[in-house]
Amino acid sequence: MQKLKERWGVTSNFQLTIIFIVFAITGSSSVYVAKPFLNLIGLHQANFPDVWWGSTLYWILRILLIFPFYQVLLVIYGWLFGQFKFFWAFEKKMLKRIGLGFLF
């Protein structure tokens, strides 16, 4: 845990615990929040062919569509838990790594 604290620039175990809680809440709630949107656009597993790649394509599309919800909620929950500075820097770093650094 000490290496993780040093890497992230976290000073206390309490702050590290809060960060883990934010990640956990964000992961669960992003799927929940995105569900109405996915239903609205008709992304249901039954709409994909019953071959091996149909299920794979469904999950790839689902993850790609949930990703923006996750990004926004991560910063919001980080702010609510008093860790906005950490999560804003984390967000910028992650988007730069996937090639979307031009957004900032």
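**Entry 1: helix H4**

I looked up the buried residues of helix H4 in this predicted model and found Phe86, Phe87, Glu91 and Leu95. They cover an arc of only 150° around the axis, which places them on the same side of H4. I then turned to the face of H4 directed away from this buried side, where the exposed residues Lys85, Lys96 and Arg97 sit. Next I asked what covers the buried residues of H4. The cover includes H1, H2 and H3.

I also checked the length of H4. Its 14 residues should span 20 Å at 1.5 Å a residue, and the end C-alpha atoms are 20 Å apart, so the two values agree. After H4 comes Gly99, and I noted that its phi is positive, near 90°.

**Entry 2: nonpolar cores**

I looked up the largest nonpolar core, which has eleven residues. Among them are Phe86 and Phe87, together with Val10, Leu16, Phe23, Leu73 and Tyr77. Helix H2 (13-40), helix H3 (52-80) and helix H4 (84-97) each contribute at least two residues to this core. The largest share, five residues, belongs to H2. I recorded a second, separate core of six residues, including Ala34, Leu43, Phe48 and Tyr58. As background, nonpolar side chains tend to be buried together in soluble globular proteins.

For Val10 I listed the contacts. Leaving aside residues up to four places away in sequence, Val10 touches Lys5, Gln15, Leu16 and Ile19.

**Entry 3: aromatic pairs**

I looked up the accessibility of both partners. Trp8 is partly exposed, with a relative accessible area of 24%, and Phe90 is likewise partly exposed at 24%.

Phe90 also pairs with Phe23, again edge-to-face, at 5.2 Å centre to centre and 65° between the planes. This pair links distant parts of the chain, with Phe23 in helix H2 and Phe90 in helix H4, 67 residues apart. Is Phe23 buried or exposed? Phe23 has a relative accessible area of 17%, and because the cut-off for buried is under 20%, Phe23 counts as buried.

Finally, I asked which residues form one aromatic cluster. The cluster consists of Trp8, Phe20, Phe23, Phe86, Phe87 and Phe90.

Terms used
Residues numbered from 1 in each chain as written. Predicted model: local features only at pLDDT ≥ 70, side-chain atom pairs only at ≥ 80, totals over all residues. Heavy atoms only, no water. Core = buried A, V, L, I, M, F, W, Y, C linked by side-chain atoms within 4.5 Å. Buried < 20%, exposed > 50% of the residue type's maximum accessible area, 1.4 Å probe, protein only. Helix = DSSP H or I, 4+ residues; strand = E, 2+ residues; numbered from the N terminus. Contact = heavy atoms within 4.5 Å. Phe/Tyr/Trp six-rings, centres within 6.5 Å; stacked < 30°, edge-to-face > 60°. Expected span 1.5 Å × (residues − 1). Arc of directions from axis to C-beta.
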